[in-house]
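Please keep the structure open as you read.

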Amino acid sequence: MSKHWANKAGDFKRQVSSFREVISASHPVFKPAARRYWLYVSLACPWAHRALITRSLKNLTSVIGVVVVHWNMDDKGWRFLKYPTAKASIDENIYFTVSGGIDNVASQEVKPLASIPNDSDRLWIDGNPDPLNQFERLSQLYKKADPEYNARYTVPVLWDSETNTIVNNESSEIIRILNSPEWDQFVPKDKGPSLDLVPKNLETEIDSINEWVYANINNGVYKAGFAESAVSYEKEVNNLFANLDKVENILKQRYITLQKKYGSDEKQILQYFHLVDDQLTEADVRLYTTIVRFDPVYVQHFKCNFTTIREGYPYLHLWVRNLYWNNDSFRLTTNFNHIKLHYTRSHPLINPLGITPLGPKPHILPL
Ligand SMILES: N[C@@H](CCC(=O)N[C@@H](CS)C(=O)NCC(=O)O)C(=O)O
């Protein structure tokens, strides 16, 4: 697999995803069902993280399984952990938890990262074994779905264990699939009604925010970080920060509006402090996965260092901490060890020695 992410002009280009089906009662093959579909994710990857947060917000953790790849992506792509013992000895229920059984409590502390080698195989810490096919590599999953497949083996993957194929590998579509009310019948009764992340009356606004946030922020950090010419990098990093300023302004206006309504009751303000209108929507989910990685990784690894979120963007900083500290679906799916180790050890072109910076301390500040 090519080590390069940029084209000849030095610009980063993201490939177009190949599997684009949906899951619906009206689909001839892919009908909603409990424990039939699985998400293959990396906890490091912002695109996969969207899917993991959505699965949890929609109370689908006991309905859709999660397999977490090892954080290190080498020249053969993503890999799984090996089964140390018989597969039968592993309780499959562990795959039906918020983060696929990966313990993330420890990830909040700064560990002696130097002692963790790239080929570490700490089960349920570095990743999961693949319970469905016992594959070693994500590439095998793609080849099983389509023996002719010859593009990149990306996460997230939404897998159908009944027909043994990939339903969809485009995160923006996977999160719309998971948002469908057709899943509600499988949600445990004690969870209450599930949240609609794209309510009809806000859909146009959500789509329009998503579009420029994707092009300029979600993908913007990659376009700056993977640029292979100074000209391309400078253009992208300037554009990225101009768009962070834009989102900061939107959040500032939202905060001022809420302040007029709720005065100095910050607890109440935070309950409604979201990007589009007063409620949590897909736009928050999609922006969050980039902003939570910004200070720990993108500032130094992708050279996005005009300022940090914590120093330069008070409203974005409040918004990201509010989601992290006040919502389990965000906090329990955010694993700073996977995030930091992945980026700094998987891109030899950017960080040839693979030394992982220990800061910032802490990875995210308290609220
Ligand atoms: N358009 C895809 C992009 C996913 C993507 O680029 N994932 C990266 C990880 S952050 C990946 O798996 N890369 C592996 C590779 O390119 O070989 C989506 O949003 O689902």
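The notes below cover the ligand, its contacts and the annotated positions.

This is a predicted model, in which local features need pLDDT of at least 70 and side-chain atom pairs count only at pLDDT 80 or more, while totals for chains, interfaces and linings use all residues. Residues are numbered from 1 along each chain as its sequence is written, and side-chain values use heavy atoms, with hydrogens and water left out.

**Around the ligand**
- The ligand has 18 residues around it, and Arg14, Cys45, Arg152, Glu170 and Ser171 come nearest (a residue counts if one of its heavy atoms lies within 4 Å).
- This shell is made up of 11 nonpolar, four polar and three charged residues (Cys and Tyr count as nonpolar, Glu and Arg as charged, and Gly as polar).

**Polar contacts** (pairs of N or O atoms within 3.5 Å)
- Ser171 places a polar side-chain atom 2.6 Å from an oxygen atom of the ligand.
- The side chain of Glu170 has an N or O atom 2.8 Å from a nitrogen atom of the ligand.
- Asn169 takes part through a backbone N or O atom, 3.4 Å from a ligand oxygen atom.
- Taken alone, the ligand exposes 510 Å², and the protein buries 92% of that (Shrake-Rupley method, 1.4 Å probe).

**Annotated positions**
- In an unreviewed UniProt entry, the annotation "active site" covers Cys45 and Tyr222; such annotations may be inferred rather than shown by experiment.
- These two are spread over 178 residues of sequence yet cluster in space, with a largest C-alpha distance of 11.7 Å.
- Cys45 sits in the loop between strand S1 (37-41) and helix H1 (46-57) (DSSP runs of at least two residues for strands and at least four for helices).

Key: A polar contact is a pair of N or O atoms within 3.5 Å; within protein, one must be able to donate a hydrogen and the other to accept it, and residues adjacent in sequence count only if both atoms are side-chain atoms.
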